Amino acid sequence: MSSEIFGPNEIHVGRDFGGFDFDVTPASIENYIAATGDNNPWYTDDSPLGGSIAPALILHSAVFRRHDWYLPNIFGNLHARQEWQGFGPIRPDDKLHSRSVIVDRYIRRDREYVVNECLILNAEGRILQRSRTHQSFLMTPAEGGNGFAVDRSREKTGSRVFNVGQRGGEPIETPMRKVSQAMCMAFSGPGRNYHTDTEEAHKLGFPDIVVQGMLSVCMIGELMTRRFGLGFIVGGRFDLRLVNVLWADETTGAKGRILEHRPEGERTRAEAEVWCEKGDGTVTIVGTASALEL
């Protein structure tokens, strides 16, 4: 029925893009550690579940395995927002499957947004994770200077400054890390693209390699796993807005403040304000995250 209503290439709400099969291997976990710097011992040694478990965001880029859900003008496109929920652990040697569908399109200022919901299912069909990725596309040729869609000076303007961490609460953080080009290649490679190669970044309107937004998102996952353990892996969620670009060879880390503990069934849920910031204090991600307290 939908083929009679919508054109074959139309990016419409409700369009199902199918999915892919994924094998979670020790090698893929080692690559995740190399790409993010997150070396939680549960990923290679015993966890509280017995045996090792995979990082919660091991399939961080499943939704980006294909790009035909993008709008035609990819010059200056940016990952704008990421929502995620975890419902169960992922183990080494698990065989998983993704399924994605467009669930929203909207316009804000000079950008149009496409929202792709991606489910991760195990071999028995159980949903282990649900995420929504908001990708933004320019509606006009460019918004920055020097022919770039986004230049490096933009983050210093008043509109790109965000006040975070001022509401009290228990502080949490991860170590600050320099995101090397080797990390970018491990995370977003092995091919040449604007997350791994300067020339490719120029083609899409960026002055330098753009660290894939999902890497900073993974740092939020690391932050919550460090603090809440299985409570995040089996009951975590976050809603994050990517507000400034992280460039290759910059230093960054995740921080947060636990603001509230509220009942959820027989347990409690901890609600936190979270963000990522560069070494100079520039904020790149702002949002909320929560986990069950087990």
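# Close-up views

**View 1. Arg269 stands opposite Leu292 of strand β11.** This pair belongs to two strands that run antiparallel, β10 and β11 (residues 283-293), joined by 10 bridges. Strands here are DSSP E runs of at least two residues, helices are H or I runs of at least four, and both are numbered from the N terminus; two strands count as paired if DSSP finds at least two bridges between them. What you are looking at is a predicted model, in which local features need pLDDT of at least 70 and side-chain atom pairs count only at pLDDT 80 or more, while totals for chains, interfaces and linings use all residues. Residues are numbered from 1 along each chain as its sequence is written, and side-chain values use heavy atoms, with hydrogens and water left out.

View 2. The hairpin of β9 and β10 has 2 residues between the strands, and Gly265 in it takes a positive phi near 65°. Of the 12 residues in β10, 9 are buried, so the strand is largely enclosed by the rest of the structure. Buried means a relative accessible area under 20%, exposed means over 50%, and partly exposed lies in between, computed with a 1.4 Å probe on protein chains only.

**View 3. The largest nonpolar core gathers 64 residues.** Such a core is a set of buried Ala, Val, Leu, Ile, Met, Phe, Trp, Tyr and Cys residues joined through side-chain atoms within 4.5 Å. Those with the most contacts inside it are Trp69, Leu96, Val179, Met224, Phe232, Phe238 and Val274. Helix α5 (residues 213-228) supplies the largest share, 9 residues. A second, separate core has 11 residues, Leu138, Ala149, Val245 and Trp247 among them. In soluble globular proteins, nonpolar side chains tend to be buried together.

View 4. Contact means heavy atoms within 4.5 Å.

**View 5. Helix α5 is mostly covered.** Of its 16 residues, 14 are buried. From first C-alpha to last, α5 reaches 23 Å, close to the 22 Å expected at 1.5 Å a residue; the expected span is 1.5 Å times one less than the number of residues. Just past the end of α5, Gly229 takes a positive phi of about 55°.

**View 6. Helix α3 (residues 181-188) has a buried face.** Met183, Cys184, Phe187 and Ser188 are buried. Looking down the axis of α3, these buried residues fall within an arc of 105°, so they line one face of the helix; the arc is that of the directions from the helix axis to the C-beta atoms. Their cover includes α2 (26-36), β7 (177-178) and α5. A cis peptide bond, with omega about 5°, joins Gly189 and Pro190, and Pro190 sits in the loop between α3 and α4 (198-203).

**View 7. Arg111 is an arginine in strand β4 (residues 111-121).** Which is it, buried or exposed? Arg111 is buried, with a relative accessible area of 5%. Its side chain reaches the backbone oxygen of Gly76 at 2.8 Å.

**View 8. Asp93 and Arg109 both have a positive phi without being glycines.** Asp93 lies in the loop between β2 (78-86) and β3 (95-108), with phi near 80°. At 59% relative accessibility, Asp93 is exposed. Arg109 lies in the loop between β3 and β4, with phi of about 50°, and is exposed at 77% relative accessibility. Most residues other than glycine have a negative phi, and most peptide bonds are trans.

**View 9. Leu49 lies in the loop between α2 and β2.** With 37% relative accessibility, Leu49 counts as partly exposed. Not counting residues up to four places away in sequence, Leu49 touches Pro89, Arg91 and Leu230. Leu49 and Arg91 are 42 residues apart in sequence and 10.0 Å apart in space, C-alpha to C-alpha.

Methods: Polar contact = N/O pair within 3.5 Å; in protein donor to acceptor, adjacent residues only side chain to side chain.
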